[in-house]
Structure formats: structure tokens, C-alpha cells
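Here is a briefing on one protein chain. Keep the sequence and the 3D view open while you read.

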Amino acid sequence: MNSQNHYINQYKKKLTTYIISRFLISMFIYSASLVMLMLIGISITSLHAWQPYDSLYKALKVIDNNKVLVITILILLGLIIFFAHYWKKTLSYLELVVEATNDIYFNKNEFIQLPPELKDIENQLNHIKSNIQKSNYAAREAEQRKNDLIVYLAHDLKTPLTSVLGYLTLLRDEKDISCELKSHYLTIATSKAQRLEDLINEFFEITRFNLTNIELCYSNINLTLMIEQLASEFAPMLQDKNLTFRFNLQHNIEIKCDPDKLQRVFDNIIRNAINYSFDNGIIDITLTEKNNEVEIIFTNDGNTISPEKLERIFEQFYRLDVSRATNSGGSGLGLAIAKEIILLHKGKIIANSENDKITFKILLPNGCKKIV
């Protein structure tokens with residue numbers, strides 16, 4: 001805001017200086033021309049022999065006797081004319097800027113064009129117009145992705161709910177059912193109910209992300225222990241795909257951060273690593289102090305993500321797997337929220353993928369950490 005006000009003040013001074021200088025130059029040229037014309041007139045009339053009864057002689061004599069007054073009147077007249085001209089010109093500039101401001105919103109296809117002396121304003125307005133168009137396009141695209149996502153999730157909600165109801169109905173209606181089959185039905189129903197819970201949580205996630213701003217509550221935490229403890233909670237998910245963690249963690253790194261929010265970041269990234277890993281693979285987690293920063297790297301073996309998808313991977317509601325039936329596709333908010341949390345910590349998060357390797361690197365600034 002301060003830089004914008006500074007720019008406006010600077011341009012107001014520039015435009016005011018331009019108008020005043022043009023006005024003064026015009027008055028100088030006009031006044032000099034009057035004096036020159038009078039001198040030339042005196043020189044020419046002095047070469048002619050005038051008669052006392054000549055009416056032109058009488059008029060010229062009156063002007064000659066009152067030449068200071070005549071020049072003063074003409075200069076004042078010129079001052080009024082030029083002042084009115086440049087005042088009208090200033091108002092016309094204002095009208096042009098007002099019309100151009102309306103064009104920002106209503107004339108979407110054409111660039112704004114102003115007189116050369118308003119070139120800076122023209123560039124600024126066109127820059128604003130371009131940013132507004134980009135923002136509107138991004139908002140429409142995000143809204144469309146959100147609507148599509150809600151349709152997908154609504155479809156996904158129906159599928160596990162139908163399964164849960166179906167197997168519970170079988171358990172209720174079938175009287176002579178073996179213990180093994182009952183256990184099988186209960187296992188499936190429980191699995192579908194858990195999936196249903198995950199989908200409902202995703203709806204709440206969407207609501208929280210849109211209705212609240214993330215705020216940080218700082219405290220000192222041992223980052224090494226946090227990562228170790230969090231990773232241990234994923235043991236059941238690792239067993240499903242026969243995955244293992246491989247740790248390379250520098251001991252006892254303590255940082256000042258929001259532990260709940262940072263844990264959420266790691267949780268999202270680890271879930272993505274598990275969901276998009278090849279079976280029987282290894283997920284590497286590295287924690288080091290490097291270049292005055294704390295560096296956390298998560299690497300897993302998985303299908304290479306194209307550069308186009310990598311550019312959008314931190315966007316709201318963007319999902320690598322857009323299949324409605326996928327069990328691994330989330331709401332598309334996890335990485336978007338993770339990036340926002342890292343940025344609030346004044347850090348960086350970078351995604352990279354090549355040669356069937358997917359890597360997420362998090363950098364937290366040296367200023368918020370200390371080695372115990």
C-alpha cells in the first residue's frame with residue numbers, strides 16, 4: 001500500500017510539473033511574440049511618413065503612448081486563454097482516466113490507450129487490468145475444480161454407504177451365517193465405513209480451508225522426535241503396500257514453530273508418499289541443517305509426475321489422480337494447505353519428480369531454529 005501511494009504521489013508530481021511547464025512555456029512564447037511583434041511594428045511604422053490626420057496614425061500613436069498597458073492587457077488575455085486551455089486539458093485527462101478505469105472491468109478484450117503524456121498511467125491500468133483478468137480466470141477455474149470435486153465426493157460418498165448398508169442388511173437378514181462369513185462382512189463394512197469417514201472429513205477440510213485463515217501458535221519442539229513419532233503412526237498404511245521408512249535424521253534438532261500445523265504438513269506429505277509409491281518400496285526421510293536452514297526431504301519411488309502437473313501440485317483442489325473411484329485421491333487441499341503453512345513459517349516447499357522418484361523438500365529458515 002505504501003509503495004502504491006508513493007507511486008501515485010510521484011506520478012501526480014510528474015503530471016503537475018508537465019502541465020505547469022507547458023503552461024509557462026506557452027506563456028513565455030506568447031509574451032515574447034507580443035514584444036517581438038510590437039518591436040517589428042514600431043520599426044516598420046517608423047519608415048513611413050505619417051500624416052497627422054491619418055486614422056491609422058492616430059490608432060498607432062495611442063498604442064505607442066500606452067504600449068506598456070497594451071502589452072499588459074494582451075498578456076493577461078493570453079494568461080486567461082492558456083489557463084482555460086490547460087485547465088480544460090487537465091479535466092480531459094481526468095475524464096480519460098475515469099473512462100479507462102471503467103474499461104478495466106467492462107471492456108475485457110482491448111488494452112487501454114491514453115495520450116503519450118499519460119503513458120505511465122496507461123501502463124499501470126493495463127497491468128491492473130491484466131492482473132484482474134488473471135485473478136478472475138483463476139477464481140473461475142478454482143470454483144469449477146471445487147464444484148467438480150464436490151460432485152466426485154458426493155458420488156464417492158454414495159458408493160461406500162451403499163456397501164455398508166448392504167453388508168449390514170445381510171448380517172441382519174441371514175440367520176444361518178458362519179462366523180467366518182460374518183467376520184468377512186464386518187471387515188468389509190468397517191473398511192467402507194472408514195472410507196466414508198475420510199470422505200466426510202474431506203468435506204469439512206474444504207469448509208475450513210475456505211472459511212478460516214491459518215494462524216500460527218509458536219512453541220519449541222524437537223523436530224527429530226516429531227518426525228519419528230509421526231512416521232510410526234503410518235505402520236498400518238505401510239503394511240498394506242509393503243513399504244518401509246528409511247530415516248536419515250540429524251539428532252535433536254529443535255525449532256520454534258507451530259507444532260500442530262507443521263505436523264499437518266508432514267502428515268500430508270507422508271500420506272502422498274504412501275499413496276503414490278510403488279508397492280514394496282522405500283520412503284526416505286532426511287533431516288539436516290544445511291546452508292543456515294533446516295532441510296527436510298521426503299523421497300519415494302513412484303510414477304514420474306509431469307512438469308505440467310508439478311506446476312499445479314500446490315493449487316487448491318488439484319488432484320494428481322482425478323478418478324472418482326480412487327481410494328488414494330484426496331480433496332486436493334492437503335498440499336495447498338501444506339504450502340501455506342510453510343510460507344507462514346517463512347520457509348519454502350519444493351516438489352520434484354524424475355526417473356520414477358518423487359521428492360518433496362521443505363526448507364525452514366535458520367532464524368527460527370536452534371540445535372540443542
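## Overview

The chain holds 10 helices and eight strands. The model is predicted. Of its 372 residues, 32% count as buried. The accessible surface comes to about 23,700 Å². Carbon and sulfur atoms account for 58% of that surface. Take contacts between residues at least 6 apart in sequence: 74% of them join residues at least 24 apart.

## Nonpolar cores

- The largest nonpolar core has 42 residues.
- Leu 223, Ile 255, Phe 266, Ile 296 and Ile 362 have the most contacts inside this core.
- Helix H8, residues 259-275, gives the most to the core, with seven residues.
- A second, separate core has 14 residues, including Met 27, Ile 112, Ile 121 and Leu 125.
- What does Ile 296 touch, leaving aside its neighbours within four places in sequence? Its partners include Leu 223, Phe 266 and Ile 362. Ile 227, Thr 286, Leu 287, Phe 360, Lys 361 and Leu 364 are also in contact with Ile 296.

## Phe 234, between two helices

- Phe 234 sits in the loop between helix H6 (223-232) and helix H7 (235-241).
- Is Phe 234 buried or exposed? Its relative accessible area is 3%, under the 20% cut-off, so Phe 234 counts as buried.
- Not counting residues up to four places away in sequence, Phe 234 touches Phe 245, Asp 267, Ile 270, Arg 271 and Ile 274.
- Ile 270 is 36 residues from Phe 234 along the chain, and their C-alpha atoms are 8.5 Å apart.

## Cavities

- How many cavities of 30 Å³ or more does a search of the whole structure find? The search finds two.
- Rolling a probe the size of a water molecule over the atoms shows where empty space is left.
- The second largest cavity has a volume of about 30 Å³.
- Its lining is made up of Tyr 18, Ile 19, Arg 22, Tyr 86, Lys 89 and Tyr 93.
- Helix H1 (2-46) and helix H3 (67-106) are the elements that give two or more residues to this lining.
- By class, the lining has four nonpolar residues, two charged residues and no polar ones.

## Helix H10 and what follows

- Helix H10 spans residues 334-344.
- Its buried residues are Gly 334, Leu 335, Ala 336, Ile 337, Ala 338, Ile 341 and Ile 342.
- Leu 344 also lies in helix H10. At a relative accessible area of 32%, Leu 344 falls between the 20% and 50% cut-offs, so it counts as partly exposed.
- The C-alpha atoms of Leu 344 and Glu 215 are separated by 8.4 Å, although the two residues are 129 apart along the chain.
- Just after H10, Lys 346 takes a positive phi of about 65°.

- Most residues other than glycine have a negative phi.
- Asn 242 is not a glycine, yet its phi is positive, at about 55°.
- Asn 242 is placed in the loop between H7 and strand S2 (244-249).
- Where is Asn 355? It is in the loop between strand S6 (348-354) and strand S7 (357-365).
- Why does Asn 355 count as exposed? Its relative accessibility is 70%, and exposed means over 50%.

## Tyr 167 on helix H4

- Tyr 167 is found in helix H4, residues 119-173.
- Its relative accessible area is 23%, so Tyr 167 is partly exposed rather than buried, which would need under 20%.
- Leaving aside neighbours within four places in sequence, Tyr 167 is in contact with Tyr 185, Ile 188 and Ala 189.
- Ala 189 is 22 residues from Tyr 167 along the chain, and their C-alpha atoms are separated by 6.2 Å.

Conventions: Residues are numbered from 1 along each chain as its sequence is written. This is a predicted model: local features need pLDDT of at least 70, side-chain atom pairs count only at pLDDT 80 or more; totals for chains, interfaces and linings use all residues. Side-chain values use heavy atoms; hydrogens and water are left out. Helices (H or I, at least four residues) and strands (E, at least two) are DSSP runs, numbered from the N terminus. Buried means under 20% relative accessible area, exposed over 50%, partly exposed in between (1.4 Å probe, protein chains only). Contact means heavy atoms within 4.5 Å. A nonpolar core is a set of buried Ala, Val, Leu, Ile, Met, Phe, Trp, Tyr and Cys residues joined through side-chain atoms within 4.5 Å. On a 1 Å grid over the protein atoms alone, a cavity is a set of points where a 1.4 Å probe fits but cannot get out, and a pocket is an open set with protein on both sides within 12 Å along at least five of seven lines; lining residues have an atom within 4 Å of a point. Grid points are joined across faces, edges and corners, and a volume is the space filled by probe spheres set on the points. Ala, Val, Leu, Ile, Met, Phe, Trp, Tyr, Cys and Pro count as nonpolar, Asp, Glu, Lys and Arg as charged, and the others, Gly among them, as polar. Accessible areas come from the Shrake-Rupley method with a 1.4 Å probe; for residues, only the protein chains shown count as cover.
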